[in-house]
Every structure is written in C-alpha cells, then in structure tokens.
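Please look over the structure shown below before reading on.

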Amino acid sequence: MAGTDLFDPVEFNGLKLKNRIALSPLTRARATADGHAGELQATYYSQRASAGLLITEATAVVPGGRGGPFLPGLWDDSQIAGWKQVTDAVRAKNGLIFSQLWHAGRLSHSSLSADGKSAPVSPSAFEQPGKIFTEQGPQPFEAVHVMTTAEIADMVEAYRQAARRAKEAGYDGVELHAAHSYLISSFLNDMTNQRDDAYGGPIENRARFLKEILEAVLTVWDGTRVMVRLAPLGHAYGTWDTNPEPLFTHVIDMMNGLGIGWLDLVEGDTGVTRTPDPYFDVLKLRDRFNGPTILNNLYTRDMAIDAREKDTGDIIAFGRPFIGNPDLVERLKKNAPLHEADPRAYYAGGPKGYIDFPTLEEA
Ligand SMILES: Cc1cc2nc3c(=O)[nH]c(=O)nc-3n(C[C@H](O)[C@H](O)[C@H](O)COP(=O)(O)O)c2cc1C
C-alpha cells in the first residue's frame, strides 16, 4: 500500500476526484412504482460520497426500459426533482455523481411499459430463456417487438431527453449503459443483432445506434461529461459478441472521434469471472482510449492497489463491496474488515439493507 495513489485526489476532464475509487452502478430497486427517486436515494448516495466518483443505478430512459419494478427513470420531467435531491446531497459532501442512462431492451416486461401491454423491444427477434421479476412475481421473458428505424430514432431522442433531464437534475455527467445484454449492447453484439438494415451486419452498422445516442447526448452535454460502460467479454443473459476485439476497438475509435471523456470498462463477465471466452486483452482498449478509464469487476483492495501500481486503469470501481460499506474508501485505506451485505436485500425495497450499514466510526 505504501506509495499507492489510489487514495490520492486526481483531476480528469476538469473534475476533481477525491480519490481513484468509484461506486460502480448498482440497481437497488427502491424507487417508487412510477420510477421516482427521492429522500431514500439521496441518503444512500450521500453516504457513499467519499468515493472519487459515484455512478448511479441504471436509470431508464422510457418506462419500458426498466428491467423490473421499482427501478427508477428519467423519462419524465416529474422525475427530475427526486434526482436533484440526490445530487444536492452528494454535492453537499463534495462528491461527484454521474447518472447511468439505460434501456433494458428485451430484458424488460410488458407490465413495465407505458401502457402496461407493449412488448419489450429489441434489434432482432430473440427468445430469451429464463424469467424476469415483475410485480406479479417471476414471469417468463416475453416475445420481443423488433424495432423499426422510426422507433430507433424515437429511442435516440428518448436518450437525449433523459440526458437533458440529468443535466437539469444537477448531475456532473452521464454514463451510457452499453453493457450486459441490454438494449445498446444487443445492437452491438452479433448474437442479438441480425438486422439487415443500417443498424445491423457490419460492425459500423451495429455500433450506429450507440453512435447516434452519443451524438444526441452531445447536444446536451460536453464530451468531457459523457461516459460509456462497456463489457466486451460479458456473457450476461447468455449473449455476447462472437468476435469482440474488432467490435470494441471500433467502438473506442468512435468514442475518441466524438470526444467522449470517460470509459467504464467491465473486465470479463460482470460479477462472475474476469476472463471468460472468447478472450482478448480488454486492457488494450484502455490504451487506445483517449480519456480516463474506470476498471471494474471483482476487485479487491490488493487488486486495486496493484492495478494502480501497474497503471492498468485510472480509477477502480467497486460494486458489491460498497453495498454494505458506505465508507468503503476509509475501510480500504485502513485495511479494515469489510461487511458483507446480504444479497437478499439487494433488490428488497425499503431502508433495510440499503441505508442502515454503519461506518467504522459508527460501528
Ligand atoms: C445488486 C447489483 C446491481 C447492479 N446493477 C447494475 C446497474 O444498474 N448497472 C450496471 O451497469 N451494472 C450493475 N451491476 C454490476 C456492477 O456495477 C458491477 O459491474 C459488478 O457488481 C461487479 O463489480 P463488483 O465485483 O465490485 O461487485 C449490478 C451488480 C449488482 C450486484
């Protein structure tokens, strides 16, 4: 630990981070049924504001973009005020916070859509095995509606509007969730994109949806405040790209071309392993990317210190360790024991297992 800069302040893209530790985006399912955040989320995020950078839970750009009940959104102006409470509370503690903008794609359910009956959307037909948790309990994933080009244009606009609301809510920036088999990632990956129009086929076409979203978001935010989350080797929900190196190399070049400020790189399969097949060294993407790169997935204290020593990434994001340890930064600094939160409370609702974990001082 001697000599590590993990806990030192650092400046990237004009933002002063307290340290090189980030809160990885974590869905916690404590919004209202109509997707509003508020006091509860303000408490939760401000408790974790000692991280250099906070990235919120996935926040849906349209109602049917949610992957389950009680997940929040930024699809309506009425949702701005609740997030403003969050950003005010984080800023009061000198924290920085980005909103993760999201659409779950086929991994949503008609009961979550605006009219309560519209099928989940996807670039191509795909039969998703397994079940989704709904207000009526677990239900099989449904047949998807294949997006028309007009619907793609509407979705790009939904991202732009959500990005505008994030700005009005006082965020420091936005992250586009382009990982984990959700909508953007379903366009990128060849297993889930069999379109034969301008949005499918060659890599450039499969990356077009993300490109158009980024261009739309850049009409609202400066590139220095825009981040993209990629999981090039992710196998979430059983889908991936069969040749990820050229695809994600292209995406990085595209991000550089657009002046995107930040890369959030999930190494391996989120929450599962760091080196699944098909294998390529995803850290090459960090070398290629012009801005700072956040690394994530299964990091321990030692691994984070080692990553900084070897300079494999600029910032290390922790997910699960932050759930039960609001003062994770302090605990890592002191090499203090970490509390392991009960996974049954991850999405359980209410304050229990959410905002009731003591800091070292309080324990
Ligand atoms: C309860 C839970 C919720 C998550 N929600 C999100 C999310 O909303 N957006 C996202 O990009 N990743 C999400 N993830 C993935 C985490 O950001 C992270 O990639 C993963 O937990 C691996 O990091 P860790 O080993 O430090 O926990 C979630 C993970 C967990 C455990």
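In sorting residues by class, Ala, Val, Leu, Ile, Met, Phe, Trp, Tyr, Cys and Pro count as nonpolar, Asp, Glu, Lys and Arg as charged, and the others, Gly among them, as polar. The model is predicted: local features need pLDDT of at least 70, side-chain atom pairs count only at pLDDT 80 or more, and totals for chains, interfaces and linings use all residues. Residues are numbered from 1 along each chain as its sequence is written, and side-chain values use heavy atoms, with hydrogens and water left out.

A cavity is a set of points, on a 1 Å grid over the protein atoms alone, where a 1.4 Å probe fits but cannot get out; a pocket is an open set with protein on both sides within 12 Å along at least five of seven lines, and lining residues have an atom within 4 Å of a point. Grid points are joined across faces, edges and corners, and a volume is the space filled by probe spheres set on the points. The whole structure contains 1 cavity of 30 Å³ or more. The largest cavity has a volume of about 80 Å³. Its lining comprises 6 nonpolar, 7 polar and no charged residues, and His180, Ser181, Ser185, Asn189 and Ala231 lie nearest its centre.

The second largest pocket has a volume of about 200 Å³. Its 13 lining residues include Val62, Gly64 and Ser113.

Polar contacts are pairs of N or O atoms within 3.5 Å. A polar side-chain atom of threonine 27 lies 2.6 Å from a ligand oxygen atom, and an N or O atom in the side chain of arginine 320 is 2.7 Å from an oxygen atom of the ligand.

Phenylalanine 141 and tyrosine 237 form an edge-to-face pair (planes over 60 degrees apart), with 6.3 Å from centre to centre and 90 degrees between the planes.

Notes
Polar contact = N/O pair within 3.5 Å; in protein donor to acceptor, adjacent residues only side chain to side chain. Phe/Tyr/Trp six-rings, centres within 6.5 Å; stacked < 30°, edge-to-face > 60°.
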